[in-house]
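Hi everyone, thanks for making time. I'd like to walk you through one model today, starting with a pair of helices and ending at the ligand.

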Amino acid sequence: MARSTPPTPSPDPALPSPWEEPEEPDRERLRAKAWEIHRRLLEAYGEPDWRPHYEPVDELILTILSANTNDRNSLRAFQQLKERFDGDWDRVRTAPLEAIMEAIRVAGMYRQKAPRIVAALEKLRQEQGGYTLEALQDMPVEEALAYLESFPGVGHKTASIVLLFCFGQPTFPVDTHVQRVSQRLGMVPPKASPLKVKQTWEALLPPETYYPLHLNLIRHGREVCRARNPRCEACILQDLCDYYAHQGAPSPDGRSPAPVP
Ligand code: SF4
């Protein structure tokens, strides 16, 4: 995938953050803001290496395991599942649910996740003739997203991660960090859905930015723009941020951006 070096950074310090669907030329100004955010995050965190990815089916199972837990626990659960069944998805599909639950317990919600994994494997076996997602490689992105979302427990985020990370398909995954930071910055309205956030970034920036921007927004959300007590005083995006401009401090619950007048 091409590197995602932004074009000439916008010198405009007063880039607006429209809350409604912007029209030209505001959309162009929002686009300039998007590039500037991307540029500063690249400057701060660098261009993330293309992380070693798993086989698409592995990535699918891993992301099913990642619901409502952290990366460390979901990865441990995934590794334990692979070890317990010698990496044989057919054995997992036909195993007693209790054995799967035991293997993935560390990921939490194991009573829901175990049947989802079995259902996903069963669906693959029936529709793909085996434990493979290679057919997605040649599918149009929207069709591939819809197919992945038809798996139990797979939402837009998981589907986008599989497509972007495994196939390099142009789709922008939105997790809770990306959603929160995008909302606070004013790239989207304060209560914008993950789908709205995804569509906005995709409409403003080219596909080669999706991977680094996705990872850098997550890192910024974890390290600086935290859900509680965002470290605005140390933030390199402060002058671009609606949350800071309108409030300058965390909301009383420390969680959500203040309503923008
Ligand atoms: S200024 Fe504060 S709210 Fe805005 S992006 Fe930075 S840390 Fe988040």
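**A helix pair and a ligand shell**

Let's start with how H2 passes H6: the crossing is right-handed. Please keep in mind that this is a predicted model.

Which residues make the contact? From H2 we have Val-57, Leu-60, Ile-61, Ile-64 and Leu-65, and from H6 Lys-113, Arg-116, Ile-117, Ala-120 and Leu-124. By class, that contact holds 8 nonpolar and 2 charged residues, with no polar ones.

Now, how much of H2 is buried? 9 of its 10 residues are, so to speak, under cover. Among them are Pro-56, Glu-59, Leu-62 and Thr-63, along with Val-57 and Leu-60. H6 is one of the elements covering the buried residues of H2, and others include H3 (71-84), H4 (89-94), H5 (97-104) and H8 (156-167).

Over to the ligand, then. 14 residues surround it, and the closest are Cys-225, Pro-230, Cys-232, Cys-235 and Cys-241. In that shell, 11 residues are nonpolar, 1 is polar and 2 are charged. Helices H9 (176-185) and H12 (242-246) each supply at least two shell residues, and H9 gives the largest share, with 3.

How values were computed
Residues are numbered from 1 along each chain as its sequence is written. This is a predicted model: local features need pLDDT of at least 70, side-chain atom pairs count only at pLDDT 80 or more; totals for chains, interfaces and linings use all residues. A residue is near a molecule or strand if its C-beta atom, placed from the backbone, lies within 6 Å of it. Helices (H or I, at least four residues) and strands (E, at least two) are DSSP runs, numbered from the N terminus. Ala, Val, Leu, Ile, Met, Phe, Trp, Tyr, Cys and Pro count as nonpolar, Asp, Glu, Lys and Arg as charged, and the others, Gly among them, as polar. A crossing is left-handed if the near helix is turned anticlockwise from the far one by less than a right angle, and right-handed if clockwise. Two residues are in contact if their C-beta atoms, placed from the backbone, lie within 7 Å. A residue is buried if 20 or more other C-beta atoms lie within 10 Å of its own, exposed if 12 or fewer, and partly exposed in between; C-beta atoms are placed from the backbone.
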